[in-house]
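Work through these exercises with the model open beside you. Each task is followed by a stepwise solution.

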Amino acid sequence: MTEDELEQAFYRRIENEEKIEPKDWMPEGYRQNLIRQISQHAHSEVIGMQPEGNWITRAPSLRRKAILLAKVQDEGGHGLYLYSTAETLGISRAEMIEALQSCKAKYASIFNYPAQTWADVGAIGWLVDGAAIVNQVSLQRTSYGPYSRSMIRICKEESFHQRQGYELMLTLCRGTEEQKAMAQDALNRFYWPALMMFGPHDSESAHSAKSMQWKIKRESNDDLRQKFIDQTVPQIEFLGLEHPDKDIRWNEERGHYDHGEIDWDEFYRVISGNGPCNRQRIQHHIRVHEEGAWVRDAMSAYQQKKRQRAQAA
Ligand code: BYC
């Protein structure tokens, strides 16, 4: 088949909702855009272990510690599925890690904010995992087969993460005045950065048009953000907390909540490397990666030995 015919066949498959698989022909732009998004998604999962990991040794009970350990471990697992997914597109793990550590690749802006109090662990599970689910449920229908399948598994785990966060917030809100105030403070600090997780407005989104045409993205940044805003209002009310957005109002005509504007200067500051914890997050990743070099060396030495033995046999 000629290049034109291959391209037409690719678009026909996209049109028919068929999944594109690793060995199928795909336009180079499609491959590169997937590598960009999936590798950044993987980096977000792994860097996202840091703010909550900070609280494992300080969890207030054995039950809370066990839950938090399991959650943070799940995030590491999500990173691994996603790195493997990106590898099917022809990039190596080492290249992706290099791009992260040299700040060429991004990761979700939210993980550049510190988890300052125990209530932040609740707010992260509820709002950050909650926002991630809204986005990832939509990505289950993405056109690239391995990405779509990894999202199905990840969403099941994220749903437990979201519930544990909300349950933690509910416990604080039913506790003492001080505990409820901690919950309110965590909500106030994490609400707006959680909205930024959906990316810039559609009109400012560089990749959306192509990604929607290729069905990599199935819903726009603003539509997903609106879904999250709408679902969060009754959750805040149930906790008995004040909404951090003073402009939030039900709009009967639209069937959605109207809301205040996000501080986009803050968003661009954070994604360009100048958020509260950007340097700390990358330095920590580099240090831990170096500390783990002996494990990777041992694994490749073992693989080599196994290959040699197989050849000799
Ligand atoms: N943060 O054209 P746009 C989790 C960048 S982790 C940083 O709209 P796109 C969890 C964007 O990359 C789950 N950067 O981009 C883990 C692009 O820059 P480049 C994380 C952002 O790709 C641990 C530029 O801005 N989820 O659940 O069409 C503990 C222009 O944007 C952000 C995912 O990664 C941001 N928020 O749409 C707890 C979902 N937003 O690449 C929880 C997968 C935008 O040109 N990703 N940028 O340098 C996506 O769905 C899409 O990539 C996005 C952005 C909706 C995020």
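**Exercise 1. The second largest pocket**

By class, how many nonpolar, polar and charged residues does the lining of the second largest pocket have?

*Solution.* Keep in mind that this is a predicted model.

Step 1. Take the volume. The second largest pocket comes to about 600 Å³.

Step 2. Find the lining. It consists of 17 residues, and Val 46, Met 49, His 285, Val 288 and His 289 lie nearest the centre of this pocket.

Step 3. Sort the lining by class. Nine residues are nonpolar, six are polar and two are charged.

Step 4. Assign elements. At least two lining residues come from each of α2, α3 (49-53), α4, α5 (93-101) and α12 (278-291).

**Exercise 2. The largest pocket**

Which element gives the most to the lining of the largest pocket?

*Solution.* 

Step 1. Take the volume. The largest pocket has about 1,100 Å³.

Step 2. Find the residues closest to its centre. From a lining of 43 residues, these are Gln 40, Ala 108, Met 197, Phe 198 and Gly 199.

Step 3. List the elements that give two or more residues to this lining. They are α2, α4, α6, α7, α10 (221-239) and α11.

Step 4. Pick the top contributor. It is α6, with nine residues.

Step 5. Sort by class. The lining of the largest pocket has 18 nonpolar, 13 polar and 12 charged residues.

**Exercise 3. The ligand and its shell**

*Solution.* 

Step 1. Inspect the shell. There are 35 residues around the ligand, with Lys 106, Ser 109, Ser 205, His 207 and Lys 217 coming nearest.

Step 2. Sort the shell by class. It has 14 nonpolar, 12 polar and nine charged residues.

Step 3. Assign elements. The shell takes at least two residues from each of α2 (28-47), α4 (62-87), α6 (118-139), α7 (145-173) and α11 (264-274).

**Exercise 4. Polar atoms and cover**

How much of the ligand's accessible area does the protein cover?

*Solution.* 

Step 1. A polar side-chain atom of Lys 217 is 2.6 Å from one oxygen atom. For Glu 158, a polar side-chain atom is 3.2 Å from a ligand oxygen atom.

Step 2. A backbone N or O atom of Met 197 is 3.4 Å from a ligand nitrogen atom.

Step 3. Read the cover. On its own the ligand has 1,100 Å² of accessible area, and the protein covers 90% of that.

Note on methods. Residues numbered from 1 in each chain as written. Predicted model: local features only at pLDDT ≥ 70, side-chain atom pairs only at ≥ 80, totals over all residues. Heavy atoms only, no water. Near = heavy atom within 4 Å. Polar contact = N/O pair within 3.5 Å; in protein donor to acceptor, adjacent residues only side chain to side chain. Areas by Shrake-Rupley, 256 points an atom, 1.4 Å probe, with all protein chains shown as cover. Helix = DSSP H or I, 4+ residues; strand = E, 2+ residues; numbered from the N terminus. Nonpolar A, V, L, I, M, F, W, Y, C, P; charged D, E, K, R; others polar. 1 Å grid on protein atoms, 1.4 Å probe; cavity = no way out; pocket = protein on both sides within 12 Å on 5 of 7 lines; lining within 4 Å. Points joined across faces, edges and corners; volume = space filled by probe spheres on them.
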